[in-house]
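Here is a set of questions and answers for someone meeting this structure for the first time. Each answer sets a value against its definition.

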Amino acid sequence: MVDAGSVVDLLKDARDRRNAALILELDLTDGIVEGQPADPVSALLSMRRTHLRDVLGGLRRARTDPRVRALVVRIGGHRLGLAMAQELRDAVRAFRDAGKLAVAWAESFGETGRGTVPYYLATAFERIYLQPSGDLALTGVALEEPFFNEALGKIGVTPRFAKRHEYKTAANTFMERAYTPEHKEMSGRLVASAGEQVVAGVAEGRGLSPERVRELIDRAPLLGAEALEAGLVDKLAYRDEVYADVRAAVGDADARLRYIARYNRAQGLAKRLPRQRQQGVALIQGQGPIRLGRSGRGALPGQGSSMGSDTIATAIRAAVRDDKIKAIVFRVDSPGGSYVASDTIWREIVLARKAGKPVVVSMGNVAASGGYFVAAPATVIVAQPGTLTGSIGVVFGKPVVGDLLGRLGIGLDSVEQGAHARMYAPTRDFTEEEWGRVNSFLDRIYDDFVGKVAEGRDLPRERVDALARGRVWTGADAHERGLVDELGGLGQALDLARKKAGLAVDAPVRLYPHVSPVDRLRPAESSEDRTAATARLDAWGPLTAVASRVGLPSGGPLMLPGTWEIV
């Protein structure tokens, strides 16, 4: 028999828990997932990680929730890009503007490593705590790039590349022995712009002059006690002491802790009442190298997600056909890749705008080369000051390994039919006629790229060419030059899309494409079906295997080389 008193106690306890004061938590040591991965394996592996939308959505809801008293964020471990740090800084500032307490703590800001960007993020919080044994490696911003030309020559490999134009530096890694003047100018400006943003953020957050911040950067890394004395942190404390201080500050020793992702999802479920489907905004997420075919895991181990033209194009078409979707936000976090795949996505965005649906692009840490190509036709482009973007240019070529094979005693013979049957083979150089075709190929792509940017950004073609030539810009510099319309993050992009479409400020956001497990198993009905996606095709075509062996960007000719992220 159930005791009536026990039932009453249970109900009272449930009510008290529902109405209890909350302290939200966010642990950044494992990083943040930008969007839902396209392939099932990556989606499964990311289930326990924190997603950006949950963080932004949770902080937005918490601003008006009287139960939420404070936010405690643990910073450290997994590196965050500068633009992602700025995305989080914006959300934390809005949370603080609502009268809520925001506290950051870290065991160390860069234990024998880089701590500039993590600390820059922390300066958006009202209080910063550092473990007594921790250090503050506020050492500034640097960019180090290798050049393999001399080493390749020693082993008998001849790099044969062409580019458009002097700032398109992917080939420089293999063709040069040091910076060219243009390469050094571009890299120097990227570092200077990122450094300016960090100094300004730290100065504002800690109430210091920019000159004083630069002095401290030149002194760093700093011991914890030195960071405290300089006013860069508020207290040296362990985790238990941090949480005790927060509970004391909110005046409720019984306040409950709740991870922000769990809070956001619970609040979202509570508001999902049975009702007619509302008009809203489609959110389409494009991450990683751009390739033909469907989105999925990258071609190489550790490469992460890739952006497939079929997946993105299908999502855009589905959003255009949906009468309840009034605007589209396209989140781009990509260094580029295949020119043809980028052009496929570009066309669908143009068609979406012709159909009367505004398209707002939100740029993540990187949206350059092909990543900028797909953004160019948008109604509005929004980027963070620290986003790496632009790189309007193209590179193509191959390493010639014939001499290397000879040195190794490897004989090579061939039979062929067709004057250019071995044009892409790395075992021989291009002929003069073939080299002419390569340059015609690059001229066509560059001309098309510049023309589409000029049309999409409503800029004179000559002006775009001057800004292009393969040059990478920070979001702040790109904004000054008209390549980016507004500075901000995903939340601002969603607000702009709602405004452009005449929707309510709280109009719902729906992820596209939304494909259920059952949809993944059933065959597509047509190329218009949301499950439609072809098998993967390689962006370098016959040069894919060679590109991966020698370290070229596997995504294709419209891709930045290496890892482009300010961390």
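Q: Which residues does Val329 touch, not counting residues up to four places away in sequence?
A: Contact means heavy atoms within 4.5 Å, and on that basis Val329 touches Val281, Ala282, Leu283, Ile284, Val360, Ser362, Leu490, Ala493, Leu494 and Ala497, not counting residues up to four places away in sequence. This is a predicted model, in which local features need pLDDT of at least 70 and side-chain atom pairs count only at pLDDT 80 or more, while totals for chains, interfaces and linings use all residues. Residues are numbered from 1 along each chain as its sequence is written, and side-chain values use heavy atoms, with hydrogens and water left out.

Q: Why is Ser362 called buried?
A: Buried means under 20% relative accessible area, exposed over 50% and partly exposed in between, with a 1.4 Å probe and protein chains only; Ser362 has 0% relative accessibility and therefore counts as buried.

Q: What makes the pairing of the side chains of Ser362 and Arg331 a polar contact?
A: A polar contact is a pair of N or O atoms within 3.5 Å, where within protein one must be able to donate a hydrogen and the other to accept it, and residues adjacent in sequence count only if both atoms are side-chain atoms; the side chains of Ser362 and Arg331 make such a contact at 2.7 Å.

Q: Why is α3 described as roughly perpendicular to α20?
A: The axes of helix α3 (residues 52-62) and helix α20 (residues 490-501), lines fitted to C-alpha atoms over the stretch in contact with angles running from 0 to 180 degrees between N-to-C directions, come within 10 Å and cross at roughly 70 degrees. Angles under 35 degrees count as roughly parallel, over 145 as roughly antiparallel, 65 to 115 as roughly perpendicular and the rest as oblique, so α3 is roughly perpendicular to α20.

Technical notes:
Helices (H or I, at least four residues) and strands (E, at least two) are DSSP runs, numbered from the N terminus.
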